[in-house]
Amino acid sequence: MKKESEKKAHCRRTSVLNRRNFLRGLGVSIALPTFVSLVPRGARAQGDRPQRLLTLYHPNGMPKSLDEAIRRESSIDADLTARFDSFADRMSIVRNMNGTEVKALNVCRTTTPHAHMANFLALYNGDPLAVYGEEPRTFDQYIAEDERHQGSARNSIAINLGIKTQTHQGVEPVYFNSPSWKGPGQPVTPFADPRRLFDDLFGRGGATGTSPAEEAARRALVQRKQLFLDVAIDQIHTLKGRLGSEDQIRLDEYLTSIEELDRRTQALLSEREEIEAMCTNADAPVEVIAGQSVRIPQELYVETMDVMQDIVVRAFQCDLTRVATFAHCGPAGGGYGLRNPWVEGLEGATDGWHGLSHWFDATSGGDPRVSTNFELNRRDFKRIIKWHYDRMVDFLAKLEATPGTWDNDSLLDETLVAAGSSMDYPGHGCGMVHQMLFGGANGAFQEGQDVDVRFDSAGTAPLWLTVMQGFGIDVERYGPATRPLDTLLTS
Amino acid sequence: MKHFVPTALVLSLSFACQGTIMDQPEDLGVGEGPGAVPFRPVAPETPVVRRLNAREYRHTMRDLFDIDTTALQLPNDQGTGGTFDTDGSSLGLALGDFELYYEASDAIARFILGNGHAPVPMCEETEGEALHACVAENLAGFLERAFRQPADSNVIAQTLMLTESDTTYEEVTRSIVLSTLISPYFIFHYKTPAVERANGVGVYEMADRLSYFLWSSMPDDELRGLAEDGTLNDPAVLAQQAQRLLTDPRSERFFSEFMTQWLGISEFYRAGDEEDRSLFADMEEETRRFALRILRADEPLARLMDSPESVLNERLAEHYEVEWPAGDEEWRLVTMPPERRGLLAQGSLLAARSLAGDSNPFLRGAWTAETILCVETPPPPPVPPLDENMGQVETVRELVERHRADPECGSCHRRFDYLGLALEEFDNYGRYRDVYDFGLPVDASGVLPDGRRFDNLAGLAEHLGEESSFTSCVAELLSTYALGRNIHGAHAEGIFHSLDLDANARLSDVVLSIISHEEFTGAP
């Protein structure tokens, strides 16, 4: 009676012929399946796989130096970043980027380093001398407009869960709503309504990240790999026939190992078919009230954030886009309104995120609506920050749990996530701002780096220059920055 | 008067043997005359086939394609049961290991194209139908080199089939390299049973065994040519080739790896502070240089036991309190004091087999018996609580002898206690002493199993250098290394008795004896 492996070998021999015929019929030259070059992760060629960019934004800074919190140096705020521990080995941090040098649009006045009106451009802008109407292209749009980084539906998407509808201190809402700019007067309009975003991405009569011809070519690559495995298996059986019984057992180990790879390869094909089905026949993840205003009702905020994260993850998975910005709220908390009542202890809060970020200046003629109890204010401010940090970690976990495009990596492996605020500590300043980076965008960026740039006068620009170069954008200058942060790049 | 005996030593006795002793085969030859070398029982039908280990894979890539593959991840060689990394029982394949081979092959295929080491260079300027015709005509030569024997027509046809859809030389090359390096004909060493052999494959397999034994890599053109025309079957030619390989610089791989793995040099336990670890690293280097010097010069293997010289740096000379000779080299040949002879007196072996605070005669004795004399020392059975009377002994020797007097312990301990006691002249850092810290003199005298006496380690080393038990042990271990499986029991007897080795045997003598035996040649 034939052993199981021998039966499989017989079937496999038959399928070798089928695979050969298939490849002949394809009539195209097919390169070998490309697999991971066995050098350290950081040196992997980026050109073989998609790279994705996700920027996460929260307003109003944080209540204590993030330096201390990240380093766990006697920081009373260590609990704020504790959940990031699960991604500690994947996190780089760029610290002490001097926001006061960024003078864009009168955001941070050098006479009084107060970032009350700090908006997106203060963080993402490359040109500190820009004036209204001459807004420069932001770094993410350089990436989005490169054809190597374009999805099948949109070059980029922007999401803002705290849209501002009114002018604030003479500054138009667009500067508080749009993190991304394609150029002067060309903001990338953010989505606040998950239904509209979903329909925009998926409602185009079926869309996947690749064309049918590309899918067919990918399938042919995998089947060609299986052809090589078939030949190796056949050779093992032939060699076994020449050797003694004990030696045959040793060769069976090799056979089992090959068959295991073959199974996984087949599973990968099946998985691609499932993803293709999901991306072309997608159902909206949740029913959201149709026609809601651009300003999300606070009672729907938590649910909307969760749904928006899921949409971004799925959009990445289906390769509908590769560049996304995701703001938890606009700068200054979307006005005074976002009260975060879902945060424990803030039920019935009379002040919002922005107001509480003034926790430290109640006695200096600050916001009269803020209580004079510093400790309570700071406590509540920290609660809000922690809640939003926890949502960022949720987002990272979703990316990590979702398979990547074409091998055993996850979406997080393919993505660079840049998370932070346009303000610094103790909240509401733009002296020293930080960005946390996660994932390596397919090995383009080093993970686990700690970069302190406190003596660099170019503000945040060097970081964004670095990001652009990691995505292969041929640029030597971004705003005042002419040198990237080399330790973040793998090549 | 009761004297303090190191607590650690007393405690170590609690792990000594008590209880039921496992049955031992009668041929375990304890104290039964010189040259009585006990063997372990051999498993029937021990498999012969084994895969390339990581070392061999990398050396083969260097010799086949002239590329450095240090950065590539390969299957783990640390399986259980093996003595050397050439031992097939340690070279298993786990799930996922094939993928490592696949990815390595793919990476190598891409790399060699960029570095001009194409497998079928004569076809480089062709394309289309001319390319495929050229490859078909010339592929066999490449496969023969990679597989270390001619590829049969079916394998050639399979390889050509995999290139059918390729249209450029680069694509063809990648297909050929990838399929070749994942083929079992490349991955495995094997010996076709005599009754199954055809087309003289046996001589190719022998050439493969010879080159991987002495070079850890594939045969060169000369060796392959002698296999091709069958000349290698001539014992004189085979012996001449073995000599050639031994004197080739590539044999350094063999010398170094065998010594390192045999003596466990790379497993030296690095306890202590940074200064200690640095000292231990120097001690390892001493043993490595000492052994390599004797092997390269093809001196009698017994010199490893009784040589009055060693190779030291200045720090070790100071540590051993030895006069540092003049010269420019960092490492110099030094005449050692009379109490130090050979390997057993070197710090790497002494310090590695000590406790944190003092020497340990049981560890040292057992290790020496197993590693240097190939005497089996089974692990102790489960032990009862420590006997309170142990605390009344006066000296280390008394402690050891009282322990050995117990028949349940003695049957094992008499095999090696005399070795450990001889090494008591050296403390846990390998420094010479004639008095213990607790005041009593060191008594390193002893009696060999055959009744000969010695006064100290130097005397023991002299005896061991005069008899064949050490050389026989080295021969056994070399056979295991060369053949890729443990050689034991009656099976081993057949080999060793035919090797006709004596105490003056050199490495070349042992190698020539091994490679001329039918176990190696595969002759019926």
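**Disulfides and buried cysteines**

C134(B) has 14% relative accessibility, so it counts as buried (under 20% relative accessible area; over 50% is exposed and in between is partly exposed, with a 1.4 Å probe and protein chains only). The model is predicted: local features need pLDDT of at least 70, side-chain atom pairs count only at pLDDT 80 or more, and totals for chains, interfaces and linings use all residues. Residues are numbered from 1 along each chain as its sequence is written, chains are lettered from A and ligands numbered from 1 in the order in which they are written, and side-chain values use heavy atoms, without hydrogens and water.

C134(B) has a bonded partner. A disulfide (cysteine sulfur atoms within 2.5 Å) joins it to C123(B), S to S 2.1 Å. The pair links distant parts of the chain, 11 residues apart: C123(B) sits in the loop between α3 (97-114) and α4 (128-147) of chain B, and C134(B) in helix α4 of chain B. Helices here are DSSP runs (H or I, at least four residues), numbered from the N terminus. The S-S torsion is about -90°, so this disulfide is left-handed. C123(B) counts as buried because its relative accessibility is 0%.

The link is right-handed, with 75° about the S-S bond. C374(B) and C473(B) are both buried.

In sequence order, the bonded cysteines of chain B pair 1-2, 3-4.

Note on methods:
Helices (H or I, at least four residues) and strands (E, at least two) are DSSP runs, numbered from the N terminus.
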